[in-house]
Amino acid sequence: MKIDYSLVTRRTFLNTLFGGWLAAFFSGSVYALMQFAFPTLGKEPDFVVLNASDFIDIPLNSVKPFAWGGKVGLFFKKADGTATALKGLCTHMECNITYKQEDRKFYCACHEGWYDEDGKNIKGPPPKPLELFNIKTEGEKIIVFKKGIKVESKI
Ligand code: FES
């Protein structure tokens with residue numbers, strides 16, 4: 001079937017095509033410039049240093065968030081007094097998780113994912129456990145670092 005009339009003229013079609021190409025070119029250039037100007041943007045650190053006084057005295061069975069690069073980390077003091085730290089992002093689609101004190105479990109509200117207090121995925125869609133970090137105290141500082149990373153320097 002031959003179409004005699006079209007709502008889109010050749011000029012409109014070509015202008016739209018050219019405009020799309022320009023938009024793609026400039027957004028790609030801006031992205032490349034941002035990566036050059038901020039090379040660590042979006043990358044996670046190997047370790048962070050926290051003030052011990054801000055975290056040591058939190059109540060038992062509670063969490064306190066801290067900045068893990070551009071993401072959230074959670075300092076967790078268990079009911080038995082031991083402390084750990086973990087990445088506060090769900091392993092399903094990276095929503096922020098919360099700690100439910102009454103259940104003593106971590107919860108992701110996005111798709112109702114649950115983790116036990118050791119970070120193990122126990123219910124819902126999360127495919128793997130939460131990422132746990134190592135912690136060590138040096139004087140007035142707490143160093144939170146990825147497993148497998150060696151932190152040797154005195155802070
Ligand atoms: S993002 Fe957490 S359950 Fe889907």
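This is a predicted model: local features need pLDDT of at least 70, side-chain atom pairs count only at pLDDT 80 or more; totals for chains, interfaces and linings use all residues.
Biologist: Why is S6 called exposed?

Modeller: The relative accessible area of S6 is 54%, and the label exposed applies over 50%, so S6 is exposed. S6 lies in the segment before α1, the helix of residues 10–37. S6 and A23 are 17 residues apart in sequence and 26 Å apart in space, C-alpha to C-alpha.

Biologist: V8 is in the segment before α1 as well. Why does V8 count as partly exposed?

Modeller: V8 has 48% relative accessibility. Partly exposed covers the range between the buried limit of 20% and the exposed limit of 50%, so V8 counts as partly exposed.

Biologist: What makes the nonpolar surface patch that includes V8?

Modeller: The patch is made by L7, V8, F13, L14 and L17, with an area of about 580 Å². Nonpolar side chains are joined into a patch within 5 Å, from residues with over 30% relative accessible area. V8, at 48%, meets that area condition.

Biologist: How many aromatic pairs are there, by the rule used here?

Modeller: The count comes to ten aromatic pairs.

Biologist: Why is the pair of F25 and F26 called edge-to-face?

Modeller: The ring centres of F25 and F26 are 5.4 Å apart, and a pair requires centres within 6.5 Å. The planes stand at 75 degrees, and edge-to-face applies over 60, so the pair is edge-to-face. F25 is partly exposed at 45% relative accessible area, and F26 is partly exposed at 49%.

Biologist: What makes F55 and F66 an edge-to-face pair?

Modeller: Their ring centres are 6.3 Å apart, which is within the limit of 6.5 Å. The planes are at 85 degrees, so this pair is edge-to-face. F55 belongs to helix α2 (residues 52–55) and F66 to strand β2 (residues 62–68), so the pair ties together parts eleven residues apart in sequence.

Biologist: Are F55 and F66 buried or exposed?

Modeller: F55 and F66 are both buried.

Biologist: How do you know that the charged end of K64 sits over the ring of F55?

Modeller: The charged end of K64 is 5.2 Å from the centre of the F55 ring. The distance limit is 6 Å, and the charge must also be within 35 degrees of the ring normal. The charged end of K64 is listed as sitting over this ring.

Biologist: Which residues are linked into a cluster by ring pairs?

Modeller: Ring pairs link F18, W21, F25 and F26 into a cluster.

Biologist: Turning to charges, why is the contact of E44 with K71 called a salt bridge?

Modeller: The closest N and O atoms of E44 and K71 are 3.4 Å apart. The cut-off is 4 Å between a Lys or Arg side-chain nitrogen and an Asp or Glu carboxyl oxygen, so the contact qualifies. E44 is in the loop between α1 and β1 (47–51) and K71 in strand β3 (residues 71–77), 27 residues apart. E44 is partly exposed at 24% relative accessibility, and K71 is partly exposed at 28%.

Biologist: What makes the side chains of D118 and K78 a salt bridge?

Modeller: They meet at 2.8 Å, N to O, and the limit is 4 Å. The two residues are 40 residues apart, D118 in the loop between β7 (113–115) and β8 (121–123), K78 in the loop between β3 and β4 (83–87). D118 counts as partly exposed at 45% relative accessibility. K78 has 16%, and buried means under 20%, so K78 is buried.

Biologist: Which parts does the salt bridge of E131 and K87 tie together?

Modeller: The side chains of E131 and K87 meet at 3.2 Å, N to O. E131 lies in the loop between β8 and β9 (132–138) and K87 in strand β4, so the pair ties together parts 44 residues apart in sequence. E131 is partly exposed at 30%, whereas K87 is buried at 10%. E44, K71, K87 and E131 are linked in a network of salt bridges, and six salt bridges are found in the whole structure.

Biologist: How do you know that C95 and C110 form a disulfide?

Modeller: Their sulfur atoms are 1.9 Å apart, and the limit is 2.5 Å. The link is left-handed, with -95 degrees about the S-S bond. A search of the whole structure finds one disulfide.

Definitions and conventions. Residues are numbered from 1 along each chain as its sequence is written. Side-chain values use heavy atoms; hydrogens and water are left out. Helices (H or I, at least four residues) and strands (E, at least two) are DSSP runs, numbered from the N terminus. Buried means under 20% relative accessible area, exposed over 50%, partly exposed in between (1.4 Å probe, protein chains only). Patches are made of residues with over 30% relative accessible area and no salt bridge: like charges are joined within 9 Å, nonpolar side chains (Val, Leu, Ile, Met, Phe, Trp, Tyr) within 5 Å. Accessible areas come from the Shrake-Rupley method with a 1.4 Å probe; for residues, only the protein chains shown count as cover. Rings of Phe, Tyr and Trp (its six-membered ring) pair if their centres lie within 6.5 Å; planes under 30 degrees apart count as stacked, over 60 as edge-to-face and the rest as tilted.
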